[in-house]
Amino acid sequence: MSGTRFQYDESGSTFFYFLLSFEALVVVPCTYYFYPRAAGRNEKKIDKTKCNCDHCRIKACRLRLKEPWRKAKERFIKLLLFIGWVALFLTAYKVAHLQHDYVAYDPFEILEIEQDASVSEIKKAYRRLSLIHHPDMETGNEKKFMMIAKAYAALTDEEARKNWLVYGNPDGPQAMSFGIALPAWIVEKNNSVCVLGLYALVFMVALPVTVGIWWHRSVQFGGDQVLLATTQLYMSFIYKTPSMVFKRVIMIIAASVEFRRSCNSEIIERSSDNIEVPLLIKELPNLGEKNKERPLCFSYSIKARALLHAHLFRMKLPSSNLEEDQLYIVKKCPTLIQEFVQCSAQMTMLAIAGRISRIPNLDTAENAMKLSASIVQALWDNKSPLLQLPHITEDMLRHFCSRKRNIRSIKQLACMKADDRKNMLRNITAEEYSNIMNVIGKMPRIDIEVKFEVEDDEDSCTITAGAYVTVTATLIREDMSTLFDSTMNDETENNTEEKEKDEAVLNVTEELLQKPRFKSSERSKKKKGKGSSKLKRKVIHKVSKAAAVKKNENDQLKNGVLPRAKLDDNSKASDESAESNTDDESVASGNSCSDENNDGSNNMKKDKHEKDEDAEWEKFQAKVSKRDKVLEGKSKKSHSVHCPFFPDDKDEYWWVYLCDRKRHSLITAPYLVTNLVNKEEVELKFAAPQKPGIYTYSVMVRSDSYLDFDIGKTIKLDVKEAKEIDISKLQWDVSEEEEEKDEEESAVEDSDLATDDEIDDD
């Protein structure tokens, strides 16, 4: 081989192939990910059922102010994608119409003869073409004549023909050439300075600076885009005050580093704050602005705390600048509170492990969860949850909390009869009433199912000391509108039962009155008017009583409950019939019953074994599906929250955790469920106590968006002593191949020992 040779694309044809592939790899994914999605029909349908209260309209107008920038951004993205697709189609058109420079060398084609031509035909063709293309001729072409001579030599000379067959060239092996898909003007001397400067600018300046800026910013943030300095602040205060009240949590959240200008460039410090913030502080009670703890005494912390207090009081701020700052702070709070709850859980786990001395109180984490819902709804934790509904004011609450009604929660309001609810809300208009019902109908109704087991254990139901227990909490969400349907169904069922009862009473009375109860005499005819009326009353009373008793029995049958006397009678009758049947069968069958019993027991064992295998297979599939869900990632799409005072749209999230109410401590870290649409499972794992006994825990589900929507379920764990493992009775799973290898090795060792003994004897 005579070396290698690099060739640049003189015509630029191969460069277009590279350009086409590069454009396709960029334009197609960008179109899929960045093309603006237009609002569909579903969003328009949802808009009809949205709340139209004053605060919701103000929020919608505020969000609409961002739409011009959003539309301009969408148009710019569409323009860029359009330009990219036009460039892609033009490049593809250019590639489709390129003329390829490379042509396979074929001497028969050059001499214009067939592949099976003889030597005489080759010579004739060479002479004919030489007379035409010889350089001395008028029609001569030197390049063409050289190709003809080379083709003639390749077909007549044995060595040249061999080189053509082996190497594809009559001259033998050539230098290996590599084609570079770049135009030749890039490597020209005149353009070398510009090309080198461009390379240096991109790879030596722009790329290192971009990576450095990204690294500097990413190092400052944690997993949930919360500054690490804020996380350290939370952990220090949780360690300092393990039991925090509600307002103390507000103070610490307001002291977050995200609200400090030196750490966050989005924060704006104005000279007007020196006048407006002190005036706002005077209007707020119990703000704690004189606290000397650092950084709780800093100006940025006091300002954020004052704006949060004003938000919870639903106060109107004196200036638009403070409103803008308040919207920014309130929008950041849910993420910061989630980080605060995680810090509290981490400190609890460190205390349980014995790494720190102080265990955070359960109230600290729960007050933080309450604060999240309070900020989203702009309400203090001691206010009525009915104020989360539109058009409901504090003056109207006295109608809800009267002795007759005593409505203190939204669920109780939803369970009311429609007439009673309308009567109670008679002071509002029909449009306002429909807004209230639309909001209530979309609110969540949560139910929880809990089961616990010890995984990877033969007896998963038995919990021993120190075992790892898995508590599976299944959250089931329904809209509150289902309570409207249930009350309506109950009313219709009661009405139908009453109608059926009245019809039965009338039918029975008619039948009884039609029967002749007295002899036909004159005295009876005279007294018939008085007796008939008394008879009717008695019959109606008896029949109504019998119908009521029958209805009660039917209800008990539906619920699975029967009176004790009837249960005893039914059980006695069933036992007598069963005994008679078994006696008859035993007399008829004789000795064959024992065989049938043996067969039945064998079948029962087989069925039980099959059921156990099916159960294990279902558990395995459930584990695989859970792992797939974890690999897919955590979705953050659920149901939207009615929160007119929150600056942005909010989805429902739920904290699920296990706690010990007696000791006021967390057992498991709170798990934030962000994808509860209809049903979702959450696994909470913890180590059982080291001492045997009965322990009572609570599985809690708390909302981060609604007040008074929290539910809990109590579970009792019967922890028993751990069994001692007998190593001698352990059965090791050893394959047949390993057993054969062990036998061979032992045989070799025995033979070696025998030879050693023989040598020693000698």
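**Exercises on a predicted model**

Helices α6 and α7 are roughly antiparallel to each other. The structure used in these exercises is a predicted model.

**Exercise 1.** Determine at what angle helices α6 and α7 pack, and explain why they count as roughly antiparallel.

*Solution.* Step 1: Helix α6 covers residues 119-133 and helix α7 covers residues 142-156. Step 2: The two helices pack at an angle of about 170 degrees, and their axes are 10 Å apart. Step 3: Angles over 145 degrees count as roughly antiparallel, and α6 and α7 therefore belong to this class. Step 4: The crossing of α6 and α7 is left-handed.

**Exercise 2.** State in which helix Y17 lies, and decide whether Y17 is buried, partly exposed or exposed.

*Solution.* Step 1: Y17 is placed in helix α1, which spans residues 13-34. Step 2: The relative accessibility of Y17 is 38%. Step 3: Buried means under 20% and exposed means over 50%, so Y17 counts as partly exposed. Step 4: Between Y17 and A96 there are 9.9 Å in space, C-alpha to C-alpha, although they are 79 residues apart in sequence.

**Exercise 3.** Describe the second largest pocket by its volume, its lining residues and the elements that supply them.

*Solution.* Step 1: The volume of the second largest pocket is about 1,400 Å³. Step 2: Its lining consists of 45 residues, and E323, E324, D325, Q326 and L327 lie nearest the centre. Step 3: Two or more lining residues each come from α3 (54-64), α12 (273-283), α13 (299-312) and α14 (320-352). Step 4: Helix α14 gives the largest share, eight residues. Step 5: By type, the lining residues of this pocket comprise 22 nonpolar, six polar and 17 charged.

Technical notes
Residues are numbered from 1 along each chain as its sequence is written. This is a predicted model: local features need pLDDT of at least 70, side-chain atom pairs count only at pLDDT 80 or more; totals for chains, interfaces and linings use all residues. Side-chain values use heavy atoms; hydrogens and water are left out. On a 1 Å grid over the protein atoms alone, a cavity is a set of points where a 1.4 Å probe fits but cannot get out, and a pocket is an open set with protein on both sides within 12 Å along at least five of seven lines; lining residues have an atom within 4 Å of a point. Grid points are joined across faces, edges and corners, and a volume is the space filled by probe spheres set on the points. Helices (H or I, at least four residues) and strands (E, at least two) are DSSP runs, numbered from the N terminus. Ala, Val, Leu, Ile, Met, Phe, Trp, Tyr, Cys and Pro count as nonpolar, Asp, Glu, Lys and Arg as charged, and the others, Gly among them, as polar. Buried means under 20% relative accessible area, exposed over 50%, partly exposed in between (1.4 Å probe, protein chains only). Axes are lines fitted to C-alpha atoms, for helices over the stretch in contact, and angles run from 0 to 180 degrees between N-to-C directions. Angles under 35 degrees count as roughly parallel, over 145 as roughly antiparallel, 65 to 115 as roughly perpendicular and the rest as oblique. A crossing is left-handed if the near helix is turned anticlockwise from the far one by less than a right angle, and right-handed if clockwise.
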